Amino acid sequence: MTYSSVQVATDSVENKYSVILPTYNERGNLPIIVWLLAKTFKENDLDWEIIIVDDASPDGTQEIAKQLINVYHQDRIKLKPRTGKLGLGTAYIHGLQFVTGNFVIIMDADFSHHPKFIPELIRLQKSRNLDIVTGTRYASNGGVYGWDLKRKIISRGANFLASTLLRPGVSDLTGSFRLYKKEVLQRIISVVISKGYVFQMEMMVRARQFGYTIGEVPITFVDRVYGESKMGANEIVQYAKGVWQLVNNFMIIFIV
C-alpha cells in the first residue's frame, strides 16, 4: 500500500462510499468496471457499495449484475432496475433511495471515468471538508482521449455556453464523475428539473445557488471502450434548450 493509500485509509475509516452506476447495454463493461472499483476501494481500505441502476437493457446487463452480486455479495453490489430508459437524472434519484453510505460517487460504467481517480476525489474532499468534488477534463492536467474534433468542439462549446450564461464557477459542467456528501446530493437532486445531459449542469448551478463548496480534480476522460455512445443530435438540442431554460429560471437569482 502506498503512502497516499494509507492517508486515505486513515482519514476515511468512518466513511462509506456508495457508487451509483447507471447502465444501459453495458454487459461487456460492467464486470470490469466493478472489478476496478472493488480493487480501488480495497487497496485504499475504504468501505463501499455499488448500486447498479439498469434501464431494462436488452443485452443481458442485469444477468451480469446478478452474477456480480454472487461474487461480491449483496452488501457490496445492489441491482435496482427500472422498466425502461427514463433519463440519467432520474437514474440517480432512483439509486439514491438505496444508498447506505454517507458519501455518494456518480460515474459512468463505460470506462470513461477510471476508478483510479476516486482516491484523489476523496483526499481533496477530506482536506477541505468540501460538499462536492467534481472531476474536470478542462482544467490543470485534465484531458479527453478518443474523441474526434467535432465531439471536442461540441463539448467545449456546451461548457463555454453554460459557464458564460450561468457562471457556476466550475470548469467542467457536463462531466458526470463526482463525489457528493449524501445529504448535499439529496437536497440538490430534490429540486433539479432537468433530465438527460442537462442534469449534470443544473446540479452545479443548484450547488452554487445553495452555497455549497465545490472542488475540482483533473481527470482523463476516455471514450467508451465497448458499445455505442449515447450522445446524439437530440441530446445536443435538449442541452441547448436546457441551458436556456435555466438561464430564464435563475436570471433573477444571479442578478441579485
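## Close-ups of rings and charges in a predicted model

**View 1. Phe 41 and its stacked partner.** Phe 41 is buried, at 0% relative accessible area (buried means under 20%, exposed over 50% and partly exposed in between, with a 1.4 Å probe and protein chains only). Phe 41 and Trp 48 make a stacked aromatic pair, with 5.6 Å from centre to centre and 10 degrees between the planes. Rings of Phe, Tyr and Trp (its six-membered ring) pair when their centres lie within 6.5 Å; planes under 30 degrees apart are stacked, over 60 edge-to-face, and the rest tilted. Trp 48 is buried too, at 6% relative accessibility. Together with Tyr 72, Phe 41 and Trp 48 form one aromatic cluster.

This is a predicted model, in which local features need pLDDT of at least 70 and side-chain atom pairs count only at pLDDT 80 or more, while totals for chains, interfaces and linings use all residues. Residue numbers run from 1 along each chain as its sequence is written, and side-chain values use heavy atoms, leaving out hydrogens and water.

**View 2. Phe 210 and Tyr 212, edge-to-face.** The whole structure holds five aromatic pairs. In the pair shown here, the ring centres of Phe 210 and Tyr 212 are 6.1 Å apart and the planes are at 75 degrees, so the pair is edge-to-face. Phe 210 is partly exposed at 23% relative accessibility, whereas Tyr 212 is buried at 18%.

**View 3. Two lysines over rings.** The charged end of Lys 80 sits over the ring of Phe 98, 4.6 Å from its centre (NZ of Lys or CZ of Arg within 6 Å of the ring centre and within 35 degrees of the ring normal). Lys 85 has its charged end over the ring of Tyr 24, 4.4 Å from the ring centre.
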